[in-house]
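Subject: Structure handover

Hello,

Here is the structure you asked for. Please open it and keep it beside this email while you read.

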Amino acid sequence: MTLDDFTSACSALAAEAPARIAAADSLDAWTAVRNDLVGRTAGRLTAIMGTLGEIPKEDRRVAGQAANAVKVELERLLDERQAELATSRGAGPQIDGTMPSRVTWQGARHPVTLVVDEIIEIFRELGFTVALGPEAEHAWYNFGALNFPADHPAMDLHDTLYLGKDTVLRTHTSPVQVRTLQAYPPPVRVLIPGTVHRRDPFDASHAPAFAQVEGLVVDEGITFADLKATLSHFARRFFGAGTKTRFRPSYFPFTEPSAEMDVSCGVCGGSGCSVCKQSGWIEILGSGLVHPAVLESAGLDSTRFTGWAFGLGPGRTALARHGIPDIRILYDSDVRFLEQFSR
Ligand code: PHE
């Protein structure tokens with residue numbers, strides 16, 4: 001064995017090794033390559049080094065250095081590859097960073113919630129705060145305190161869901177009028193959002209559970225003019241500056257006088273369409289001056305204080321605003337419908 005033969009065996013191994021090490025695509029393959037290249041018993045570098053004794057004495061130092069340089073380089077490449085294999089999934093599926101990500105749905109507020117929040121915002125500017133009350137309500141708050149006569153049909157099992165003899169699922173947010181007046185002395189200006197329940201069939205214009213927003217103002221010297229001015233202002237803020245309002249006489253046991261407010265139909269501009277049933281007007285809310293008997297139920301002196309109240313259904317308000325013909329679509333949770341309202 002000459003020095004030349006020895007060093008060319010070393011360089012041949014050094015030349016072939018990088019590609020083989022790089023091609024090892026699992027830790028098992030890596031171990032096999034390592035054993036073949038530098039393994040102590042069957043490794044090829046070990047075999048080459050075993051021939052060192054056959055080289056003339058004066059060439060051995062140079063030969064030894066050449067073999068050692070190859071050994072250092074191969075071990076460096078092997079260590080590097082081992083670290084790569086340990087942190088990647090080797091031959092498993094590779095990650096394609098250019099692939100578009102999966103579509104994810106981002107949550108958004110419901111169109112009814114958006115209407116409620118907007119109403120609260122408009123009235124907040126006028127000094128109203130928000131009050132809440134229970135959904136499972138004492139029948140007295142739901143009916144008696146609100147001046148319903150004892151034989152009023154609304155109290156019938158047919159219309160109201162009773163949880164017990166004296167407990168109902170509230171049929172409107174008006175009981176919170178009395179609760180608020182009992183808890184806070186006038187002046188009172190509150191907005192009462194909440195869910196209410198009625199034994200109605202689920203059809204295009206009725207839902208068995210739906211949202212309401214109640215408003216209540218009580219102070220000394222409050223008149224019907226305050227009601228009209230405030231609700232007309234609200235209608236223009238909510239439906240647009242050009243919106244017309246009209247008040248029609250109505251009846252509620254807990255207000256006297258009572259009025260329903262209509263707004264000019266924003267879908268057809270008042271000329272008549274399917275949303276306003278060709279009338280040009282859409283009914284938005286019930287309202288009236290708080291009945292003296294209600295003030296007295298809450299323990300207030302009705303000769304000193306007066307007030308007004310209104311109640312509206314934000315679900316129907318959302319339908320009126322967007323020209324949607326069927327209330328059930330609000331409760332279907334169909335993302336294709338709901339996502340149109342996200343803001
Ligand atoms: N509570 C009435 C209803 O549910 C609405 C209303 C509230 C009317 C306040 C007048 C005053 O229909």
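Start with L300, which is placed in the loop between α9 (292-297) and β9. Helices (H or I, at least four residues) and strands (E, at least two) are DSSP runs, numbered from the N terminus. L300 counts as buried because its relative accessibility is 11%. Buried means under 20% relative accessible area, exposed means over 50%, and partly exposed lies in between (1.4 Å probe, protein chains only). L300 and P186 are 114 residues apart in sequence, yet their C-alpha atoms are 9.0 Å apart in space.

Before you go on, two notes on the source. This is a predicted model: local features need pLDDT of at least 70, side-chain atom pairs count only at pLDDT 80 or more, and totals for chains, interfaces and linings use all residues. Residues are numbered from 1 along each chain as its sequence is written, and side-chain values use heavy atoms, with hydrogens and water left out.

**Cis peptide bonds**

P186 turns up again here. A cis peptide bond joins P186 and P187, with omega about 5°. P187 is in the loop between α7 (175-183) and β4. The bond from E256 to P257 is also cis, with omega near -5°. P257 is in strand β7 (residues 255-264).

**The ligand**

Which residues are closest to the ligand? They are H172, S174, R198, Q212 and E214, and 14 residues surround the ligand in total. A residue counts as near if one of its heavy atoms lies within 4 Å of the molecule.

Look at the polar contacts next. A polar contact is a pair of N or O atoms within 3.5 Å; within protein, one must be able to donate a hydrogen and the other to accept it, and residues adjacent in sequence count only if both atoms are side-chain atoms.

- H172: a polar side-chain atom lies 3.0 Å from a nitrogen atom of the ligand.
- S174: an N or O atom of the side chain is 2.9 Å from a nitrogen atom of the ligand.
- Q212: an N or O atom of the side chain is 2.9 Å from an oxygen atom of the ligand.

On its own, the ligand has 330 Å² of accessible area, and the protein covers 89% of that. Accessible areas come from the Shrake-Rupley method with a 1.4 Å probe; for residues, only the protein chains shown count as cover.

Which strand gives the most to the shell around the ligand? β9 does, with 3 residues. β5 (209-219), β8 (281-290) and β9 (306-312) each supply at least two. By class, the shell has 4 nonpolar, 8 polar and 2 charged residues. Ala, Val, Leu, Ile, Met, Phe, Trp, Tyr, Cys and Pro count as nonpolar, Asp, Glu, Lys and Arg as charged, and the others, Gly among them, as polar.

**Aromatic rings**

The whole structure holds 12 aromatic pairs. F123 and F128 are edge-to-face, because their ring centres are 5.0 Å apart and their planes meet at 75°. Rings of Phe, Tyr and Trp (its six-membered ring) pair if their centres lie within 6.5 Å; planes under 30 degrees apart count as stacked, over 60 as edge-to-face and the rest as tilted. F123 is buried, at 0% relative accessibility. F128 is buried too, at 7%.

**Between β7 and β8**

K277 is in the loop between β7 and β8. Its phi is near 50°, a positive value in a residue other than glycine. Is K277 buried or exposed? K277 is exposed, with a relative accessible area of 71%.

S279 is in the loop between β7 and β8. S279 counts as partly exposed, at 41%. The side chain of S279 reaches the backbone oxygen of W281 at 3.0 Å.

Best wishes
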